[in-house]
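Q: I am new to this structure and would like to learn how to read its features one at a time. Could we begin with how far to trust what is shown?

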Amino acid sequence: MAESLAEHERILQEIESTDTACVGPTLRSVYDDQPNAHQRFMEKLDACIRNHDREIEKMCNFHHQGFVDAITELLKVRADAGKLKVQVTDTNRRLQDAGKEVIAQTEEIIRCRIQQRNITTVVEKLQLCLPVLEMYSKLKEQMNVKRYYSALKTMEQLENTYLPRVSQYRFCQIMIENLPKLREEIKEISMSDLKDFLESIRKHSDKIGETAMKQAQQQKTFNTALQKQNNVNYGRNMYVINGRVPEPKYEITSKRTLEEEDEHEEEVLTAHDLVDFSPVYRCLHIYSVLGDGETFENYYRKQRRKQARLVLQPQSSMHETVEGYRRYFNQIVGFFVVEDHILHVTQGLVTRAYTDELWNMALSKIIAVLRTHSSYCTDPDLVLELKNLIVVFADTLQGYGFPVNRLFDLLFEIRDQYNETLLKKWAGLFRDIFEADNYSPIPVANEEEYKIVISKFPFQDPELDKQSFPKKLPMSQSVPQIYIQVKEFIYASLKFSESLHRSSTEIDDMLRKSTNLLLTRTLSSCLQNLIKKPHIGLTELVQIIINTTHLEQACKYLEDFITNVTNISQETVHTARLYGLSTFKDARHAAEGEIYTKLNQKIDEFIQLADYDWTMSEPAGRASGYLMDLINFLRSTFQVFTHLPGKVAQTACMSACQHLSTSLMQMLLDSELKQISMGAVQQFNLDVIQCELFASSEPVPGFHGDTLQLAFIDLRQLLDLFMVWDWSTYLADYGQPTSKYLRVNPSTALTLLEKMKETSKKNNIFAQFRKNDRDKQKLIETVVKQLRSLVNGMSQHT
């Protein structure tokens with residue numbers, strides 16, 4: 001109980017000393033104690049309240065007298081306070097009346113001060129706005145005079161410096177709204193100018209390229225002229241053709257070139273002189289200022305790529321004239337000259353990587369186009385002009401830093417085509433020369449004519465030099481002409497090899513290869529075709545053989561000529577030699593074979609004229625007319641062969657005799673010939689005797705003994721067998737090496753004998769034998785049987 005009272009005392013003290021907002025926890029503790037504790041607490045609280053009331057009452061009783069005194073004093077002061085109030089009110093009235101004028105003046109001063117402040121504020125604001133208006137006016141003026149880059153700079157100043165100061169004004173908001181529109185307008189106008197510029201350079205590319213290539217050509221010509229002027233002696237040796245030395249032409253060319261260079265020295269034009277590049281600069285700056293430079297670069301490059309594709313697309317008829325190629329090259333050069341100019345005067349619009357990529361793309365297209373169109377060219381002069389254009393084209397672009405090695409590689413392909421066109425052209429020249437030739441030795445009446453011939457062709461013959469005029473050179477007129485044309489071909493081939501940036505050794509090698517093609521393919525083909533022509537007779541063939549011999553001997557002079565024109569030392573050259581020797585040997589062999597063929601054909605023509613009466617009883621007593629004509633023809637023909645090499649004439653003569661012998665044998669054994677009389681055999685024997693006499697007369701020198709007569713040995717033994725009727729000897733000695741009729745074949749003898757038997761049956765040629773000598777008739781039958789047995793034995797053995 002005591003503890004509860006103490007606890008209640010503590011709680012009351014805590015309530016009295018604690019803020020009323022915090023008594024909640026304290027009161028809760030009352031209810032947390034023993035049951036009915038709150039009742040006791042309430043009693044304790046009431047007791048406490050009563051104590052406090054008693055204390056308050058004591059305190060009020062103690063201070064009551066003082067309070068009464070204070071009220072009494074206050075009532076005394078109230079009267080004085082009323083008086084004071086009246087006095088203050090009166091003073092205030094008088095003060096108010098006195099201050100009305102001051103107030104009025106003060107208000108006027110305040111109003112003036114406010115006006116002054118407003119005016120100052122207006123002036124200050126106007127000072128802020130005036131530059132904005134001035135800049136905006138300047139912007140409009142710049143737009144009117146098309147100074148768009150300056151207008152953009154003005155806009156930038158307006159936005160960054162001036163407008164922020166006066167952004168609270170409505171007119172500034174209008175300006176701010178207009179500036180993006182002006183920017184878009186500037187972009188559209190500058191883009192329109194760029195499009196006009198692109199169209200302009202597309203139209204002027206041809207002129208720009210022409211000017212650039214002209215300058216490159218002038219520079220090259222100038223350098224070449226100086227080089228030739230410093231090497232006159234070299235020039236004389238290099239371009240000696242057919243005895244002509246055109247050094248005055250070079251001197252005139254050099255002087256004229258130098259004069260032309262002086263005239264054009266002050267007229268050097270650049271791409272900037274021909275085209276106004278300001279639109280592209282302006283547009284680039286505008287887009288850069290607008291922060292849209294990448295868009296502009298992409299658009300410019302895209303459009304230029306399209307233009308490049310258009311420029312690289314050739315006309316279908318470009319290959320027909322050199323002007324077509326020139327326009328094509330001018331446009332390409334003009335395009336890349338412009339790109340190079342843009343590359344060097346702008347920052348980033350065109351990069352070296354971009355131009356290299358564009359050039360590689362263009363180069364592949366150019367090579368494809370040139371490879372296609374050049375294949376249509378059949379005129380070597382046009383191909384040569386194309387080569388010169390390509391060289392100038394390559395040199396021009398190389399001067400601007402573009403790699404052109406692939407173009408020079410292409411020139412080697414075109415060079416092969418150029419050689420093909422040259423070969424076709426020279427094939428026509430050779431054919432014309434061969435057609436115009438009379439195939440007879442060249443007559444020279446005097447020393448002057450002789451010098452003219454040897455100045456064209458390197459001919460040396462000490463024996464001929466000893467002869468007096470007039471005399472004849474062994475070759476025909478086509479030989480010096482062919483030699484001249486071969487040298488002209490070498491010079492024409494050399495023209496293409498110049499300016500290809502190749503060494504003299506490489507040029508020498510190229511000349512030799514092209515000359516070999518001319519000799520081994522073109523000239524050889526022309527010679528072969530000439531030899532095969534039907535109107536070329538034996539005399540012409542003999543002359544062709546002589547001509548090829550002299551042309552073969554001249555090949556070493558052609559090699560020296562190539563060495564001279566390329567200025568290569570004979571000791572240091574290690575290239576393929578000319579194949580002229582094999583060419584002319586092959587042609588000579590073909591001509592020799594054709595001689596044998598034509599000679600045999602002529603013999604066949606005479607043989608076809610033979611008109612034997614195979615049933616004649618007695619011979620005519622003289623050789624047949626056709627055979628005598630044939631022998632006379634052979635004699636005259638072999639006289640022409642005196643200029644041929646000995647083996648050729650001997651071979652031709654032996655071939656003719658063998659063919660004649662074979663033809664006569666075939667005539668006897670012809671299956672259509674059914675019967676032959678002894679008189680016909682005797683007549684045939686007379687003809688063979690004339691053939692043997694012709695062979696023994698040595699129509700061609702060089703045969704030993706009776707070598708040529710051996711061509712008729714088969715006929716001779718066969719005819720002797722029948723003329724002598726020596727069958728017993730033939731049959732007895734058959735098969736022995738020492739046989740008198742060793743060359744008589746049993747089947748041949750049997751065939752002829754059977755033809756004679758057929759004649760005897762109809763004409764009773766053997767009637768006398770049957771009457772006078774029946775034993776001999778039986779012998780003939782026996783011979784036939786024995787011959788048949790020999791033939792059968794040979795067939796079985798075979």
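Q: Where in the chain is confidence lowest, and where is it highest?
A: Where pLDDT is low, the predicted coordinates should not be read in detail. In this chain the lowest confidence is in helix H7, residues 247-265, at a mean of 37, while the highest is in H24, at 90. Over residues 233-266 pLDDT stays under 50, and for that stretch the model has 37 contacts beyond four places in sequence.

Q: How many helices and strands does the chain have, and what share of its residues count as buried?
A: The chain has 29 helices and two strands, and 40% of its 798 residues count as buried. The chain exposes about 44,700 Å², of which carbon and sulfur atoms supply 52%. If we take the contacts in the chain with a separation of 6 or more, residues 24 or more positions apart account for 80% of them.

Q: How should I read the packing of two helices, and at what angle do H14 and H18 pack?
A: Two packed helices are described by the angle between their axes and the distance between the axes. Helix H14 (residues 405-436) and helix H18 (residues 504-532) have axes 9 Å apart and pack at an angle of about 35°, in a crossing that is right-handed. H14 brings to the contact residues including Phe412, Leu423, Trp426, Phe430 and Phe434, and H18 brings residues including Met510, Leu511, Leu517, Arg521 and Leu530. By class, the residues of this contact of H14 with H18 divide into 14 nonpolar, three polar and four charged.

Q: At what angle do the axes of H24 and H25 cross?
A: Helix H24 (residues 678-696) and helix H25 (residues 713-724) have axes that come within 10 Å and cross at roughly 145°, and H24 passes H25 in a left-handed crossing. On the H24 side the contact includes Met678, Val681, Phe684, Val688 and Ile689, and on the H25 side it includes Leu715, Leu719, Phe722 and Met723. This contact of H24 with H25 has nine nonpolar, two polar and two charged residues.

Q: What does Gln717 touch, leaving aside residues up to four places away in sequence?
A: Gln717 lies in helix H25 and, at 12% relative accessibility, counts as buried. Not counting residues up to four places away in sequence, Gln717 touches Lys740, Tyr741, Leu742, Arg743 and Val744.

Q: Is Phe638 buried or exposed, and which residues does Phe638 touch?
A: Phe638, which is found in helix H22 (residues 625-640), is buried, because its relative accessible area is 2% and the cut-off for buried is under 20%. Beyond four places in sequence, Phe638 touches Leu599, Ala652, Cys653, Ala656, Phe694, Pro699 and Val700.

Q: Where is Phe277 found, and is Phe277 buried or exposed?
A: Phe277 is found in the loop between helix H8 (271-274) and helix H9 (278-289), and this residue is buried, with a relative accessible area of 0%. The C-alpha atoms of Phe277 and Ser200 are separated by 10.0 Å, although these residues are 77 apart along the chain.

Q: What should I look for in the backbone itself?
A: Most residues other than glycine have a negative phi, and most peptide bonds are trans. Lys146 is not a glycine but has a positive phi of about 65°; this residue is found in the loop between helix H3 (37-144) and helix H4 (148-162) and is exposed, with a relative accessible area of 57%. Glu698 also is not a glycine and has a positive phi, of about 50°; it lies in the loop between H24 and H25 and counts as partly exposed at 42% relative accessibility.

Q: Which two residues does a cis peptide bond join?
A: The bond joins Phe469 and Pro470, and its omega is about -5°. Pro470 is found in the loop between helix H16 (462-466) and strand S2 (471-473).

Definitions and conventions. Residues are numbered from 1 along each chain as its sequence is written. This is a predicted model: local features need pLDDT of at least 70, side-chain atom pairs count only at pLDDT 80 or more; totals for chains, interfaces and linings use all residues. Side-chain values use heavy atoms; hydrogens and water are left out. Axes are lines fitted to C-alpha atoms, for helices over the stretch in contact, and angles run from 0 to 180 degrees between N-to-C directions. Helices (H or I, at least four residues) and strands (E, at least two) are DSSP runs, numbered from the N terminus. A crossing is left-handed if the near helix is turned anticlockwise from the far one by less than a right angle, and right-handed if clockwise. Contact means heavy atoms within 4.5 Å. Ala, Val, Leu, Ile, Met, Phe, Trp, Tyr, Cys and Pro count as nonpolar, Asp, Glu, Lys and Arg as charged, and the others, Gly among them, as polar. Buried means under 20% relative accessible area, exposed over 50%, partly exposed in between (1.4 Å probe, protein chains only). Accessible areas come from the Shrake-Rupley method with a 1.4 Å probe; for residues, only the protein chains shown count as cover. pLDDT is the predictor's confidence in each residue, from 0 to 100.
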